[in-house]
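Work through the following exercises with the sequence and the model at hand, and try each task before reading its solution.

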Amino acid sequence: MQKEEKEKFLAILQKYIKSQHKNSKKVLLKDTVFYAFKIDVSTVYDEIMLEEVTFECYPNFDYLQCSSLIFKECSFHEGGRFKRVKIDSLELRLRKVENALVFEMGGYAKDGLIETSDSYIHKITKYTNHVAGSGKVFFVGAKFEKEANFTNAMLDDVVFQNCDLSKVRFLNSKVDKTEFRNCTFLKNKTRKNFDELENGIWKYGIIIASIILGMILYWFESYVPYPLFVILVIFIFFGVSTIFMYLFGNLYSFVYSLLGDNEHICTYDEKEIFTKMDFFKKSMTKETRAKLKDSLLSLYQLYLSLQVNFESKKDIQRGGDFFYSRRYIQLLSLRSGFDNLVERAILIFHFSVNGFGERMGRPMLWLSIITMVAVMLVNPNEDFIATKATPLFLLEEEKNITSKNVIPLYTVDVNKSARFLGVRNTGTYTIVAPKLKANDVPKFYGEMNNRILFVLSRYINIVVPQKKAWFKSVSKTAHFVSTIVGIFSWFFIGAFLLALRNRIRRK
């Protein structure tokens, strides 16, 4: 078209549109081919519907204000631009896009900074990707105030840049090749109860079995082979963690929130599914349960696609976040019962220990709990005693001795003078010596500090030679605590290092 012809065409188009919206402020265009297009932006439209419209030109919708904008089976041969628009509701069903179709609502660079604007698209009711053409659809700086529906769509040619996706739904859509550039996703809190879809009784059996096994291990610890003892201890920990999650869910959520890892990244679909789960919880029918389970499985696939998407683009940090969300939804979707008891148990155990390898605070929390409990169970000079390798600062010194019944059993040159440092079972005191008899054991000075040091020494008790050990366990309680702490210290430190490695690798 020549320039004069285009101007005439645009003038006719403007008159036609004005005549359409003169009274109703609604525009309907159907089965039309445009070789030039520019809409009148001086009017706030109620509705604009373009059905099976083909744009052979580059349409300019800049500064458009409209309550409802609908594209049905439209084609953009030269692309298009929607800049600084104010649209309450957008429906975008595309047929063909040959060049970039850009919805720009801020988030663009100007003078070295990212600019914001008052333009918006509050809601996208439906999006269908084009089936022909190699062009891409760009959403730049979008902040959907209500929600954006991108479900059941092929989103290979969609680019989100500087967008807030907190209210965007992607369920049952192909997103493994969608581009996300500097986008913000929604975060959701971890639910305290995984048994959402069906009430099972297996967890109570595990709790009871854990308590019974714990009592058996305490009384018969010396008769149980060490490998079996380790397995049973881990099983007991699983039972304890199950008790903690099922019976003390609010405390569980509170403590994990203090660690800053009670939230996970998600899409708006998850929030909607959880809302429906809570709504139907008291009146869950078989049909509703099946729908919710299928929805969770579809959400699992969505998070898997997002994980693959970000990892393929070397965004390992965000890929790890969606890995955590994927495993969490997998756990949530499993039915309670004996048919998948092993898989469910492994997932709960992995979740509790270090958040599927993504949470560093959890192993430290468990290790701290075990350490504090162990400290309260043992007493110096009763459950554990000193050895020849015990440092002098842990033992009771001569200046604290007021008893007249002091009998030096041994002498040793300490700074060229004898010092009284120990106590006998008979109540008389003794000094430290190269060789101590069974009854001549030095007494610890202080209680809490020696308790803490005894428990902490169990962390490295496996690698420290017995001759260099500061403490010696003499009671059944001390032996049991030493074994438990020795096992879990290395286990949780390993879980912490694994999570730390994953986070560092993903920075």
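**Exercise 1. Find what share of the contacts with a separation of 6 or more joins residues 24 or more positions apart, and then describe the protein as a whole.**

Solution. The model is a predicted one, and in it the protein has 11 helices and 22 strands. Of its 507 residues, 49% are buried.

**Exercise 2. Determine how helix 6 and helix 7 are oriented to each other, and which residues make their contact.**

Solution. Begin with the geometry: helix 6 covers residues 286-312 and helix 7 covers residues 316-333, and the two pack at an angle of about 165 degrees with their axes 8 Å apart. Since an angle over 145 degrees counts as roughly antiparallel, helix 6 and helix 7 are therefore roughly antiparallel to each other. The crossing in which helix 6 passes helix 7 is left-handed.

Next, look at the residues in the contact: helix 6 contributes, among them, L296, L297, Y300, Y303, L304 and F310, while the residues from helix 7 include I316, G319, F322, F323, R326 and I329. Sorted by class, this contact of helix 6 with helix 7 has 13 nonpolar, five polar and four charged residues.

**Exercise 3. Work out the strand order of the open sheet of five strands, and state which strands form its edges.**

Solution. The order of the strands in this open sheet is 6-8-12-14-16, and the pairing is parallel. At the edges are strand 6 (80-83) and strand 16 (179-181), each of which pairs on one side only. From one strand to the next, the twist averages 10 degrees.

Then follow the pairing of strand 6 with strand 8 (residues 101-104): the two run parallel and are joined by four bridges. Within this pairing, G80 stands opposite L101 in strand 8.

**Exercise 4. Decide whether L365 counts as buried or exposed, and locate this residue in the model.**

Solution. First place the residue, which belongs to helix 9 (residues 361-377). Then compare its accessibility with the cut-off, by which buried means under 20% relative accessible area: L365 has 15% relative accessibility, and therefore L365 counts as buried. Finally, relate L365 to N354, which is 11 residues away along the chain; the C-alpha atoms of these two residues are separated by 9.7 Å.

How values were computed: Residues are numbered from 1 along each chain as its sequence is written. This is a predicted model: local features need pLDDT of at least 70, side-chain atom pairs count only at pLDDT 80 or more; totals for chains, interfaces and linings use all residues. Side-chain values use heavy atoms; hydrogens and water are left out. Axes are lines fitted to C-alpha atoms, for helices over the stretch in contact, and angles run from 0 to 180 degrees between N-to-C directions. Angles under 35 degrees count as roughly parallel, over 145 as roughly antiparallel, 65 to 115 as roughly perpendicular and the rest as oblique. A crossing is left-handed if the near helix is turned anticlockwise from the far one by less than a right angle, and right-handed if clockwise. Contact means heavy atoms within 4.5 Å. Ala, Val, Leu, Ile, Met, Phe, Trp, Tyr, Cys and Pro count as nonpolar, Asp, Glu, Lys and Arg as charged, and the others, Gly among them, as polar. Two strands pair if DSSP finds at least two bridges between them. Buried means under 20% relative accessible area, exposed over 50%, partly exposed in between (1.4 Å probe, protein chains only).
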